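Q: Could we go through this structure together, feature by feature, with the general idea set out before each particular case?

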Amino acid sequence: MAGNSAFLKAEPTLAWLGQFEPEDQPVAIALLRAMTLVSRDAFAEGLRALLLSRLAKGNGPIGVYVERELRHRHGIPFRLFKESKTKVRRAHGVGPPPVQPTQAYDADVGSEGLVAQMVSEVCRAHSQQVFNHPGPDAIRKYRIRRFVLVTDFIGSGKRARTYLQAAWRVRSVRSWWSGRATKGLSFEVVAYAATQTGRAVVELHPSRPKVHVVMGCPTLGTEFSNGDAYKLCVKYSPVPSSVMPPTGYAHGGALIAFAHGVPNNAPLILHKRGYGWAPLFPARVTSATRQHFSTAQDAETVRMHLVQMRQARLAEAGQVAGAKPHAQNLLMALAALSRPPREAEAISRKTGLTMIEVEAALKAALKNDLIDGQYRLTDLGHAQLKQARKAPADNPLSVEAPPFYYPSSLRAPQGLSS
């Protein structure tokens, strides 16, 4: 959602919009405004900060794995680790490679290449505590008790769940997990963004993984309650609905684009070519427009968020757009909390803030008694929003700014039992 102004004015974007009939162009523009556009730097820095924050929370050595497509037979993934052929099956050997084509004739490397590079940097910087794709031998030797799967995006949740299932099929892994109450193996998934549906699919895996994201992912369902955008996708779909859903793979309707590509869960009008239709991101490649991708919260974007949250008077007042970053984030969070849903990820999706920024804003709001423990606005919180609707843009918000937490080191490892 953030920083879409330059993107909307780019020549490829204008050419794409020109394909719509005049009466449909406002909805198409609204669809693009609702998108989250992630630059390469924002992706790497955001995912790295989230991974470090997760690594700092918890004890003991950690195994980090990069999500990628795995080889399978009849839809069942091969086991992630090798097992002995003895009566009592025991996992052994090294871990899986972070990047590997599933077909010999297909050497393409997707987003896992970027994620693998970031993971390697983190592992080198914290080599005594973070291990890169450890196998069963290393898990036993270093007593690794946290399995952290890292990916760029969870759309349908199928790939992340398949990777977890590949590990789950290993008998030793299930054995380690069964002792989680006594420091057994636990599972986590770290992603830049996730759809609500995809996240639920992953969290329902038997390993009970905890999913953490940099920011919430807007979708057609979360951003357009009137159904206009869905009708637009159906009307201009370049592929018959009998072949593929107009809203993307698994009916995802994901409104997100990365500098390294667009997920297949995005509406087809964005990335599929059809008779008389030229996509904005051909073959899901964003090279023509990614120089305009930004997650920066400019004044126009802030006002757009507020209007979408039904805070038109607050947007007109200019208080939020003209405030300092910490005050702006806090006011955006308060505006988002004025109506449900009130979960942190929903706030991120409404405001375009990262989860780290949302958590910092919520912490400040709690400290200043602007919200209660259920993230509902207190009388003081309502009064603060009321005052912001009247205040000039240069009147700073009178709350203490909490420092953002970006861990540079992790906790010292503690002894764990097998």
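**Reading burial, packing and contacts**

A: Leaving aside neighbours within four places in sequence, glutamate 345 touches Ala194, Arg199, Val213, Gly216 and Met355. The model is a predicted one, and glutamate 345 itself is placed in helix H16.

Q: Is glutamate 345 buried or exposed?

A: The quantity to read is the relative accessible area, and a residue counts as buried when that value is under 20%. Glutamate 345 has a relative accessibility of 13%, and therefore it counts as buried.

Q: How many residues of helix H16 are buried, and which are they?

A: Helix H16 covers residues 344-351, and because eight of its eight residues are buried, the helix is largely enclosed by the rest of the structure. The buried residues are Ala344, Glu345, Ala346, Ile347, Ser348, Arg349, Lys350 and Thr351. Just after H16 comes glycine 352, which takes a positive phi of about 80 degrees.

Q: Why might residues spaced along one helix point the same way?

A: An α-helix has 3.6 residues a turn, so residues three or four places apart point the same way.

Q: Which residues does methionine 355 contact, beyond its neighbours within four places in sequence?

A: Methionine 355, found in helix H17, is in contact with Val213, Val214, Met215, Ala344, Glu345 and Ser348 once those neighbours are left aside. Its relative accessible area is 12%, so methionine 355 is buried.

Q: At what angle do helices H13 and H15 cross?

A: For this pair the cut-off to keep in mind is that angles under 35 degrees count as roughly parallel. The axes of H13 (residues 299-308) and H15 (residues 325-337) cross at roughly 20 degrees and come within 10 Å, which means that H13 is roughly parallel to H15. The crossing of H13 and H15 is left-handed. Here Val302, His305 and Leu306 of H13 meet Gln328, Met332 and Ala335 of H15, and by class that contact has four nonpolar, two polar and no charged residues.

Q: Where does serine 5 lie, and which residues does serine 5 contact?

A: Serine 5 lies in helix H1, which covers residues 5-9. At 15% relative accessibility serine 5 counts as buried, and, leaving aside neighbours within four places in sequence, serine 5 is in contact with Asp298 and Glu300.

Q: How many disulfides does a search of the whole structure find?

A: A disulfide is a covalent bond between the sulfur atoms of two cysteines. A search of the whole structure finds zero disulfides. As for burial, cysteine 217 counts as buried at 2% relative accessibility, and cysteine 233 counts as buried at 0%.

Methods: Residues numbered from 1 in each chain as written. Predicted model: local features only at pLDDT ≥ 70, side-chain atom pairs only at ≥ 80, totals over all residues. Heavy atoms only, no water. Buried < 20%, exposed > 50% of the residue type's maximum accessible area, 1.4 Å probe, protein only. Helix = DSSP H or I, 4+ residues; strand = E, 2+ residues; numbered from the N terminus. Contact = heavy atoms within 4.5 Å. Disulfide = S-S within 2.5 Å. Axes fitted to C-alpha atoms, helices over the stretch in contact; angles between N-to-C directions. Parallel < 35°, antiparallel > 145°, perpendicular 65-115°, else oblique. Left-handed = near helix turned anticlockwise from the far one by under 90°. Nonpolar A, V, L, I, M, F, W, Y, C, P; charged D, E, K, R; others polar.
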